[in-house]
Amino acid sequence: MPLENPLSLLAEQARTALSTEPSLKGCTLKLTSHARRRHMGLSISDAGRVVTVRTPPGTSSEQVVAFVIHQRPWITANRARISENVAAIPRKELVTGEGFDFIGAPMRLKVTDIPGSVARARLGSGWWLTANSAELSQRGAAPLIDWYADAGATWLHEHAPELWQRIAPQAAMPTLAIERSTRRWGSYHHARHEVRLAWRAFQLPRPLLHYALVHELVHAARPGGRPHGPEFWTLLQRHLPTARRDHGLIRKAGPQVWEGAIRPAP
Ligand SMILES: [Zn+2]
């Protein structure tokens, strides 16, 4: 057994030599070794906090240092771009008054000491989402995401059967589920004959949520759940004439929809 991992020794030497390198300020330098690589490569991850150098066999720490210095403009530009993107993602503050959307209808958060799970209630002129303060401080956004998943499942079971009757009345109805961790609005899983919508899709305006559901139901109605193509779009537009426009709108809506990121209270 070797006494020391040569890669970690190499990384240590490179980190020491690059300790004042401006392009690496505030981030960790990692090294990975690749038997088949012939040249060094570079990537940035973890919201710009990790810079990884991929090295071929036999790379020296001097070569790593020279490579990083040569790549300084690229590292600096890309870390800046990534941190801007991170700053731009929608965040919610888990305090009374924070705004949320459910199928396009606005709600306000009401943080209370009353025990219990998140619930929607009409108070005065608007909708409120009441949540227990201890739950929010322990679990962050998770209790709110649970609420979206439950309310979304109820909506899905109310709306999908009727749509299915119009799209493929002779075929077996797919099962329905809510997905918590996905960047897609919805998906169709052929092996399970299951249509899933993402919890976050329930923040979209009603026409776009409707589009996401019809889109997946049309996948489910196609032989083998076949993906997009001219026939898919023909069938989709037969059931939803605004499909092309909705497709563009839902793509545009993506970056504005909350994905569960929170901002600490000031
Ligand atoms: Zn699709």
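**View 1. Asp46, an exposed residue of the predicted model.** Asp46 has 12 other C-beta atoms within 10 Å and is therefore exposed, since a count of 12 or fewer places a residue in that class. Asp46 is located in the loop that joins β2 (41–45) to β3 (50–55). Its phi is near 55°, a positive value in a residue that is not glycine.

**View 2. Ala47 in the loop between β2 and β3.** Ala47 is partly exposed, because 14 other C-beta atoms lie within 10 Å, a count between the limit of 12 or fewer for exposed residues and that of 20 or more for buried ones. For Ala47, phi is near 55°, again a positive value in a residue other than glycine.

**View 3. The open sheet of three strands.** The strands follow the order β9-β11-β10, and their pairing is mixed. β9 (175–179) and β10 (186–189) form the edges, each pairing on one side only. From one strand to the next, the twist averages 20°.

**View 4. Pairing of β9 with β11.** Strands of a sheet are paired through backbone hydrogen bonds, in either a parallel or an antiparallel manner. β9 and β11 (residues 194–198) pair in the parallel sense, over five bridges. Within β11, Arg196 is the residue that stands opposite Ala177. Helix α5 (residues 142–167) packs on the sheet and touches β9 and β11. The direction of helix α5 makes about 155° with that of β9.

**View 5. Helix α6 across β10 and β11.** Helix α6 comprises residues 206–221 and runs at about 15° to β10.

Conventions: Residues numbered from 1 in each chain as written. Predicted model: local features only at pLDDT ≥ 70, side-chain atom pairs only at ≥ 80, totals over all residues. Helix = DSSP H or I, 4+ residues; strand = E, 2+ residues; numbered from the N terminus. Pairing = 2+ DSSP bridges. Axes fitted to C-alpha atoms, helices over the stretch in contact; angles between N-to-C directions. Contact = placed C-beta atoms within 7 Å.
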